[in-house]
Amino acid sequence: MSGFGGLLLRRVIGAVITLLAISVLVYVVFYATPGNVAQITCGPRCSPEQVRQVAEQLKLDDPLYVRYWHFLVGLIAGQDYSTGTSVAHCSAPCLGLSYQSDQQVLDIILTKLPVSLSLVLGAMVLWLVLGVGTGVLSAWRRGRFTERLLTGLTLAGWATPVFVIGLVLMIVVCGELQLLPFPQYVSLTDDPEQWAWNLLLPWLSLALIEAAAFARMTRASMLETLAEDHIRTFRAYGVTERTIVVRHALRGALAPVIALNANNVGSAIGGAVLTETLFGLPGIGQELVHAVNVVDLPVVVGMVLVIGFFVVLANAVADVLYAVADRRVVLT
């Protein structure tokens, strides 16, 4: 296949291969480490009988490649788990069973995932608007006071940790000015208005740092695009600078911004731990910290795989959008 359909097929195949490689790496790292894997998986409070039961479920007497095959089959077709007195079926995609709460790992993740997605996607809208807008304005006003001011603010935002920005916003906005309540997660389906108000500060905390990277990237891409021959041709024909920037230069500068956004969305889902912990949001970042603290290995493995899935998905979508923004990509 050639053209856009061929590009899409190649990206899908590449994403599947990458996910398979991630699953192999994650399984080997967590389940082929030295020590009693059954004890680590079950947790420090498990009795010898529980540890033996976990060892049977994980088939630790089998070779590593056989164990991984069973793990992969569980992801695709599901598998059964013994709970002592009965057998529970874990439907595909089966990420395992938490030995701390006896819940399926996928159910735990699906409970926490809407919080993290709400945080990341809302922050993404803000960092795109702030970052791209700042970068375009900075390139348009190159050499003027506006550019120097925006560059200084961008560097300050890039250098400030997210927990510092979050603490300052909570102290000033919630404490001193009392403009917003202290964040407390409300489901979007329960109350959309309260959902947005309670997530506004976490969005800003995460977006201000990411917006700095987008501002710098957009500025550099805009300056490069504005120096190309076809832009000079537009100026020679008397096209206004505003029209050149908005209608012609911006589209050419968006391709690297799309790639950067894919990396940021994928990494932000896994890197929202500080933001969720700071604001008390019950997302996958906070749950991952808890799982590590109680050594709940199946939950840790499942969440790492889910985070990897979103990173790969974000990059695959970015490749497609990159081709839409720059049709030359389809031909490569």
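User: Leaving aside neighbours within four places in sequence, which residues is Ser221 in contact with?

Analyst: Ser221 is in contact with Ala253 and Pro256, apart from those neighbours; contact means heavy atoms within 4.5 Å. The model is predicted: local features need pLDDT of at least 70, side-chain atom pairs count only at pLDDT 80 or more, and totals for chains, interfaces and linings use all residues. Residues are numbered from 1 along each chain as its sequence is written, and side-chain values use heavy atoms, with hydrogens and water left out.

User: Why is Ser221 called buried?

Analyst: Its relative accessible area is 8%. Buried means under 20%, exposed over 50% and partly exposed in between, with a 1.4 Å probe and protein chains only, so Ser221 counts as buried.

User: What makes helix 5 oblique to helix 12?

Analyst: Helix 5 (residues 105–140) and helix 12 (residues 284–293) pack at about 135 degrees, their axes 8 Å apart. Angles under 35 degrees count as roughly parallel, over 145 as roughly antiparallel, 65 to 115 as roughly perpendicular and the rest as oblique. Helix 5 is therefore oblique to helix 12.

User: Which residues of helix 5 and helix 12 meet?

Analyst: Ile108, Ile109, Lys112, Leu113 and Ser116 of helix 5 meet Ile284, Gly285 and Glu287 of helix 12.

User: How does the span of helix 7 compare with the one expected at 1.5 Å a residue?

Analyst: Helix 7 (residues 162–176) has 15 residues and reaches 20 Å from first to last C-alpha, close to the expected 21 Å. The expected span is 1.5 Å times one less than the number of residues.

Conventions. Helix = DSSP H or I, 4+ residues; strand = E, 2+ residues; numbered from the N terminus. Axes fitted to C-alpha atoms, helices over the stretch in contact; angles between N-to-C directions.
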